[in-house]
Amino acid sequence: MTELRIPDRLLEPTTERASPVLTDAIGRRFEYLRLSLTDVCNFRCTYCLPDGYRKVAGRAPDLSLDEIRCAVTAFARLGLWKVRLTGGEPTLRPDFTSVAKAVAAVPGIRRVAMTTNGYRLAERAAEWRDAGISAINISVDSLDPARFASITGHDRLEEVLRGVAAAKAAGFDSIKLNAVLMRGVNDDELAAMVAFVQDHDLSLRFIEVMRTNDNAAFFRERHVAGQSVIARLEAAGWTRIARAVGAGPAVEYAHPDASGRIGIIAPYARDFCASCNRLRLSSDGKLHLCLFGDGGLDLRPLLQEGAEAALSERIAALTATKAPAHRLHQGSSGATPHLASIGG
Ligand code: SAM
Ligand code: SF4
């Protein structure tokens with residue numbers, strides 16, 4: 001097997017740990033991999049897959065368990081230590097628990113997280129926690145059953161909330177509800193959602209609707225700026241807290257009366273890309289340097305060979321070419337049809 005050779009300029013020495021640190025040409029450090037396990041989804045969220053999942057002609061099959069193990073090993077050799085399992089709906093994979101176990105067992109991986117629409121969470125939370133997943137984000141865009149059904153296409157709010165309770169009982173050390181805020185749909189629920197997570201000792205992420213290739217009209221009609229949420233939180237006594245190491249892109253707020261936190265993910269905010277610390281691998285084996293980039297960079301041949309060292313080299317070289325910022329403000333959301341195709 002070839003020796004791992006990563007250009008020196010991409011690796012900064014660190015006094016805290018022996019593992020390398022992957023950086024790009026402008027010095028951003030990459031610690032976090034979003035790994036999409038499938039683009040298939042059983043929900044039809046209005047901002048993502050309003051017509052439901054449709055198989056894309058010519059798309060390569062989902063990565064196998066061996067390919068996933070090889071990919072995560074290659075990223076871990078570059079110093080990435082946090083992996084989020086996402087999709088599509090990642091839990092639709094019949095081998096989801098085996099994948100979680102395999103990812104958690106890769107040397108260097110210190111945290112495995114998942115994002116789910118809550119499908120089968122009530123029955124499976126304990127199994128997934130035992131498999132090594134310690135953090136879970138659950139999408140709940142409304143606490144009103146009828147609205148939840150009209151947003152997702154499924155009358156399953158009660159089932160998803162039972163899943164949230166099961167996740168608490170299973171002992172996940174981070175449980176966050178993700179809510180995409182939409183003008184005229186659920187933007188009147190901000191206070192109710194904040195109260196809900198306070199009552200249940202959870203954290204919440206408000207996500208701005210992001211424009212993708214497929215949802216331009218929806219975005220124009222429904223986008224709510226994260227800044228308006230921030231103003232309302234600050235008026236209610238929430239204060240901004242510092243970003244934790246390896247944290248996601250959310251700006252986080254805490255309140256003296258709440259143990260949970262509220263985060264705002266606002267990709268349209270100024271300097272959003274400056275703190276980018278993640279890379280993405282789609283379920284067909286493409287490296288996405290940006291959610292709104294020009295298409296994925298194919299790693300499949302190396303994944304199929306199981307060529308971990310060569311893969312690390314390739315990932316490091318490609319990461320060096322990452323653009324400094326997305327072009328959403330110039331009206332370009334890149335080549336991403338919808339976030340289910342890459343994993344959000
Ligand atoms: N199916 C899982 C779920 O919904 O949680 C995981 C995949 S989903 C693509 C990941 C996250 O992206 C979810 O929180 C979802 O709400 C969010 N998302 C999808 N499309 C979006 C869009 N256009 N704008 C903002 N967030 C979006
Ligand atoms: Fe499926 Fe998640 Fe997209 Fe909703 S947001 S359609 S649950 S992938």
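Buried here means under 20% relative accessible area, exposed means over 50%, and partly exposed is anything in between (1.4 Å probe, protein chains only). This is a predicted model, where local features need pLDDT of at least 70, side-chain atom pairs count only at pLDDT 80 or more, and totals for chains, interfaces and linings use all residues. Residues are numbered from 1 along each chain as its sequence is written, ligands are numbered from 1 in the order in which they are written, and side-chain values use heavy atoms, with hydrogens and water left out.

View 1. With a disulfide taken as a pair of cysteine sulfur atoms within 2.5 Å, the count comes to 0. Cys290 is partly exposed at 21% relative accessible area, and its sulfur sits 6.0 Å from its closest cysteine sulfur, in Cys273, so that's too far for a bond. Cys276 is buried at 14%; for its sulfur, too, the closest cysteine sulfur belongs to Cys273, but at 6.7 Å that's too far for a bond.

**View 2. Inside the largest nonpolar core.** This set of buried Ala, Val, Leu, Ile, Met, Phe, Trp, Tyr and Cys residues, joined through side-chain atoms within 4.5 Å, has 99 members. Leu35, Leu85 and Phe206 have the most contacts inside it. Sequence neighbours within four places aside, Phe206 is in contact (heavy atoms within 4.5 Å) with residues including Leu181, Met193, Val229 and Ile264.

**View 3. Around ligand 2.** The shell (a heavy atom within 4 Å) includes Cys41, Phe43, Tyr47, Asn117 and Ala340.
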